[in-house]
Amino acid sequence: MRKMLATAAALGPLCIAQTALAETSVSTERTTPIATATATPTSTPDDVKITSTGKVKLTSGAAVTLNSNNSVVNEGAVTMESAADGATGVLVQGGFTGNVTNSGAISVKDNYTATDDGSVATGHPNGETKADGDLDGPYATGTGRYGIRVTGASPFVGNVTNNKSGSITVEGNESYGIRIEPALQGDLTSNGIISLTGDNGYGVLVEGGVTGEVKLGGSINTLGGNTTGAAFTGDIGGGLTIDGQVASTGYRYNTRPATKALRDQLDADDGMLFDKDGNPILGAKAGGPAVLIGADVAGGVLFDAAQPNLDPNVDDEDGDGVKDTDETTANITSWGSAPGVQVGSTTQTVTLSPVGTGDNAYGLVNKGTINGLGVYDDVDATAMAIGVTGGQAVVVDGGVRNTGTIHSVAWDGTSTALKFNATASTGEIRNSGVIQAEKNGDDAKNAIAIDIANGATIGLGLPQGVIRNEKTGLIQATVSGDKGDAIAIRDQSGTVDRIENTGKIRAGVVGTDDAEDTDDADTDASNEVVTGKAVAIDVSANTTGVVIRQWGVNDGDDGADGKADADADADGVDDADESDIIGAVRLGSGADRVEVANGRLLGDISFGAGADVLVVGEGTTAGEVRGVLTDSDGLLDITVHKGVLEARNTSALALTNLTVEADGELIFTVDPTTSGATRFNVSGTATFANGATLGVRLTDLLSDPTAQFVLVDAATLNLGSIDISELTDNTPYLYIPDITRSGNQLILQLDRRTASEAGMIASEAAAYDAIYNALQTDSGLGSAFLAQLDRDGFFELYSQMLPDHSGGTLLSLASGVDAVTRALSDPRPEAPLGETTGWIQEINFYADKSKNQSYGFRSEGFGVAGGLERGTNMGAFGLSTAFTSSDIEDPQSRGDENLSSQLLELGAYWRGAGENWRGWARAAAGYAMFDSTRQLIGAGLNRTNEADWNGFTFSAGAGASYEKKFGRRWYMRPEATLDYFYLSEEERQETGGGNGFDLIVDGRDGHMLTGIAAVNFGGRFGSQGWLTPELKLGWRQNISFDAGETIARFRSASASSPSFVLRADELSGGGPIIGFRLLSGNTLGFLALEGGAELLDDYARYSLLLRAGFRF
C-alpha cells in the first residue's frame, strides 16, 4: 500500500506537468480554421493557444472553435477582415468544459468605410444631395458577426475572460462583441477593450445566464441604432460588477455642434431622431442603453470605483483579485434617448439582491459615473431607469445607493437622472454623491433629478419609504431656459414617507437668451419671461404624511489647519457643513412634518391638507426657512425654536398654533401694492417669548408715508418683550417700524424714514423724493434698496444714484487754466523788442474735495500749453493755447463713476516789466467736451449708463510783482494775481442704465473769481544767474465761487416731481499755498520745473509743471 501511495504521489506532479504542456500552439500566421476537437496533427482534442507571434486569419466561418473539453487561449491575433456574414472569431459550443481567455486581439470587420458622398438618407432636414460636411451612409454593413460566441442548447462549463491586454473589435449589424447564448457555468470577465459598430448589436450580451461572477472593466464602446453596450437578459448567480467604461451611442457625432445651422446639416444616417423642425424622422433608430439589466442578479449590481492603494505592502486591499493599481472607476454613458443604465424587462421579472452588507446592503450600488446625454434637440435623456414602461416587476432589494455621479443632460427634451418607473420597487434611496439633471432650451420640458412614477414603491420591506441625502450628497435639477420645471425630487407614487437631508437638495431655473431664441429681438437674458418652476421636493401625491428632516453634520476641522471654521450663526455647525434645500416644497394631504434643524430651506412650502407641522431649529443649532407658506385646511402648527422663518406670503394663513421662542426670529412680508401682509390667523395660541425677534420685508415701496398691517390675529396672544431696536435693524432702512398690540392682534406700523432721520447731507436730502419715486418705477432698483437693512448698505446704493454736482468739472478745468497763469508770471524776461520767443508747458495736477453737504471728488489731469510772444515798446504781446484733460471720480462710490473732461483753449496775453516790477494780463476762451460713466453695483445690480455733452469757457486774469534784491544773489518777490474762470455746460442725457437710474441733467453754468497774494524767495547762481531756485508762500482767496446748480430728473420722473436740484459746497474763504520753482536759462531759452499745493478747507490741489522757452 505504501508503495502504491508513493508511486501515486510521484506520478501526480508529472501528470499535472503533462497536462499543462498538452496544448496545440499557433505561433505563426494560419489561414485555416482550428478547433479544439481536432487541434492536434492527428486530429485529436487538445487545448489551443495562439501565441503572441501567432495569428489565425480568415474571412468567413469560425476562426477558432472550442468543441471539446479543452480551453482556448489567444495571446496573438484572430483576424477576419472583410468578413462574411456570420463570421466568428472564437466559437464555443455548449455542453463542454474549458476556458476561453483572450489576451490578444480578435478582429471581425466589414470592408466598408463611410464617406461624405452627398447621399440623402430618409428624412434629411435640408434635402441636400451634395457633400455637406458630414459622413453619409450606414455605420456598418453585413450581419451576424461575433467576437466570442458561446452557443448551443447545453451549458458551457468554464470561464470566459477578456484580459486587460485583450481587444475585441466587431463591425456589422446584428453583431456582438461577446455573446453568451446558453448558460455559462463559471465567470464572465472583461478587463480589455470591446468595440462594436453596427445597428441592433451588443458589445456584450448574456442570454442564458452566468452562474458565477460577471466583471466588466476596461472599455466597451458601441455605435449603432438600437445597439447596446452590455446587456444581461439571463440570470446572474453571483454579482455584476462594472468598474470600466461602457458607452453606447446611435450618433455618428457625440459632440453637439455649436450652432443650429451646423446641427441642421446632420441627417438620419448620423443618428438624428428629429428633423430641424422637431418632427420625428421616419425609420430613425436611437442607440440602446449602455448597460441593460433584464434578469435577476443574485449578488447585486455594483458600479465600482478604483480602490485607493493605502498600504504599499498590499497589492489588493479590497481582495477582489485585481491589483489596486490596475483598478478603474465605472464610467457609463449613453448618448441619445436610451438610458445610461436600464434595469427591467418586458418579458420577465427582475430582482437585484443586495451587493453585500453594511454600506453595500443594497441591490444596486453606484460608486462611479453614469451619464445620459441627449446631445441633440428634442431628445429626452435618462441616466438610470429602474423598471421599463409596460414591463414586468423590478425589485431592487435593500434599495439604491449612490456615492458616485448620476447625471443627465438634455436640450429641449426631458432630462431625468434617476427614474423609477411604475413597475419598480425598492427599499431606500441613499445618496452621498451627485444626482443631477440638466435641461437646456426653451421648450416646456422638465429636468428631474429623482423621478418616482405612480405605481412604483419606495420602502419595500422597510417601515418607511426613505430618501436619505447625506452630508456630501447633492440632488440637483437645473433648467437653463424660460420654460420647463426643475425638480430635484418628485414622488408620484405616494410611497415616500421620509426625506432626510444633511447635504444639498437644489432646483433652479435660469432664463437664457441667444440668437436661436426668437421670442424677442435681443439676446438679453435679463428680460426673458421665465415660466418654469424650481421645485426641490414634490411629494404631493402622498396621502399618509411625509416627514422632511434636515440637519447639519459637523465633520471637524475643515482643512485640518487648526483654525476655527467659519460659523456665521454660531450654532456649532460650520457654515461649510450646513445643509440646504433650495426650491419649492410640495406636500400632500397627509399629516406632514417639516423640520429644519439646521441649514437653509429657501423656497415656497405648500403643506396641503392634514395636521401639518413646521419646526425651525433644534437644540443649539439654528435653521433658516424663507418662502411663501400655504396650507389648505388651517391645521398647520409652526414653531421657531432657533433661527429664522421668513414668511413671504402676503395674505392670511390660518394656523392652529404659532410659537416663536427666545432664539427665534419671525420675518413678515408686506405687499404695499395690495395693502396685504403676512397675517397669521391662529385658532389656538400665538406665543412670542421674551427675546424673540421680529422683522419685516417689503415686496414694493410704500406709496404713502405711513401704513399699518395686522400681522397676527389669535384666539390667545402671549406677547413677551419685543426689542424695537432689533425690529428696526431687521426692517428695510427706508422705513421705521413699530409693533403694537390691540387685543389679541399684533399690528405693524411702517413710517417712511425722513431725510433728517436718515442723517442725509443737503445734496442727498434734495434728491430723496425724486429717488424714491424712481425706485417705485423700477422693480429691480426698488428690490435692491428694500434689501438694505442698515444705513451703510442703504447709502452704498443711494450715493450711486446721484450725478456729479460738487463742482468737479469747474475746478478741474480751472486747474489747467491756472497753469497758463503760472507760465505768464515767470520771472523770465519777456521777448526783446522786435523779437519773437515761445514757450511750451506740460501740466499735471491732482485735486481732492472732501464730502461736506455735497459729495467729494478726486480729479487727476494732465495737459499741454504753449505760447508765442512778440516784443514791442509796450511790452510783449502773445497768443497762447492749452489743452487740458482730466478724470473726475467719486472716491466713496462702489461703482465706476468717472467723468472725463477735455478743454481746448485759445487766448491772448500781455507781459511787461520795469526795473524791478513785472506785470501781465490775459484773456481766453475755450471749448469743453465731457463724457461720463455712472455705475450702480450692489444687491445683485450691475447697471451702467453713459452720457456725453459739450460746453465752453471764458477766462481772464492779471497779475503784478515787485522784486527786492538782497546782495548780488538773493531776492524776494511779492506778487498778486486775480483770476476769473467761467464754465457753461450743455444738457446731458444718460442712457443704458434703465429709466429708474438714467438721468437728464439740465445745462449748468458756474464761475470762480480768485485772488492770490504770495511772496517768492529765491537766489541766482552761476554765470549770469543761469540757475534760479525759488520758494513760494502765500494765500489764495476765493472771492466768488458758484459751481452752478445741478438740476436733474430721472427718465422715469412723473410730472408731479420732475426734477431735483443739487448745490455744490460753497468754497468760501481761502487757504495757504506753497510752491517751488527751479528755473534754468540763458539768452537762448529757459527750462523750468514748478510744483505747488493749495490747501483750502475741504479742498486741496497739487500741481507739477514742466516749462521750456526758446528764442527764434
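The questions and answers below concern a predicted model.

Trainee: How far apart do the C-alpha centres of domain 1 and domain 2 lie?
Mentor: The domain assignment of the chain gives domain 1 as residues 22-117 together with 131-212, and domain 2 as residues 797-1111. Taking the C-alpha centres of domain 1 and domain 2, the separation is 91 Å.

Trainee: How many salt bridges does a search of the whole structure find?
Mentor: A salt bridge is counted where a side-chain nitrogen of Lys or Arg comes within 4 Å of a carboxyl oxygen of Asp or Glu. With that cut-off, a search of the whole structure gives a total of 55.

Trainee: Is Arg 549, the partner of Glu 618 in a salt bridge, buried or exposed?
Mentor: The side chains of Glu 618 and Arg 549 meet at 2.9 Å, N to O. Glu 618 counts as partly exposed at 38% relative accessibility. For Arg 549 the relative accessible area is 15%, and because buried means under 20%, Arg 549 is buried.

Trainee: How many residues apart in sequence are the parts tied together by Asp 818 and Arg 1036?
Mentor: The side chains of Asp 818 and Arg 1036 form a salt bridge at 3.4 Å, N to O. Both Asp 818 and Arg 1036 are buried. Since Asp 818 belongs to helix 7 (808-824) and Arg 1036 to strand 76 (1027-1042), the pair ties together parts whose separation in sequence is 218 residues.

Trainee: Which strands give two or more residues to the negative patch?
Mentor: On the surface, a patch of negative charge gathers Glu 860, Asp 887, Glu 889, Asp 896, Asp 931, Glu 946 and Asp 948. Asp 931 has its place in strand 69 (917-938), and Asp 931 is partly exposed, with a relative accessible area of 35%. The elements that give two or more residues to the patch are strand 67 (875-889) and strand 70 (941-962).

Trainee: What is the area of the nonpolar surface patch made by Phe 1076, Leu 1078, Leu 1087, Leu 1089, Leu 1104 and Leu 1106?
Mentor: Strand 79 (1069-1082), strand 80 (1085-1096) and strand 81 (1099-1111) each supply at least two residues of this patch. Leu 1078, which lies in strand 79, is partly exposed, with a relative accessible area of 38%. The area of the nonpolar patch is about 490 Å².

Trainee: Where is Asp 378, and is Asp 378 buried or exposed?
Mentor: Asp 378 has a positive phi of about 70° although it is not a glycine. Its place is in the loop between strand 32 (369-377) and strand 33 (381-386). With a relative accessible area of 19%, Asp 378 is buried.

Trainee: What is phi of Ser 82?
Mentor: Ser 82 is found in the loop between strand 8 and strand 9, and Ser 82 is partly exposed, with a relative accessible area of 43%. Its phi is positive, in a residue other than glycine, and the value is near 50°.

Trainee: How far apart in space are Ala 444 and Lys 483, C-alpha to C-alpha?
Mentor: Ala 444 is found in the loop between strand 38 (434-440) and strand 39 (447-452), and at 60% relative accessibility Ala 444 counts as exposed. Ala 444 and Lys 483 are 39 residues apart in sequence, and their C-alpha to C-alpha distance is 4.7 Å.

Key: Residues numbered from 1 in each chain as written. Predicted model: local features only at pLDDT ≥ 70, side-chain atom pairs only at ≥ 80, totals over all residues. Heavy atoms only, no water. Patch = residues over 30% accessible without salt bridge, like charges linked within 9 Å, V, L, I, M, F, W, Y side chains within 5 Å. Areas by Shrake-Rupley, 256 points an atom, 1.4 Å probe, with all protein chains shown as cover. Lys, Arg positive; Asp, Glu negative; His and termini not counted. Charge placed at Lys NZ, Arg CZ, Asp CG, Glu CD. Helix = DSSP H or I, 4+ residues; strand = E, 2+ residues; numbered from the N terminus. Buried < 20%, exposed > 50% of the residue type's maximum accessible area, 1.4 Å probe, protein only. Domains from an automatic or database assignment.
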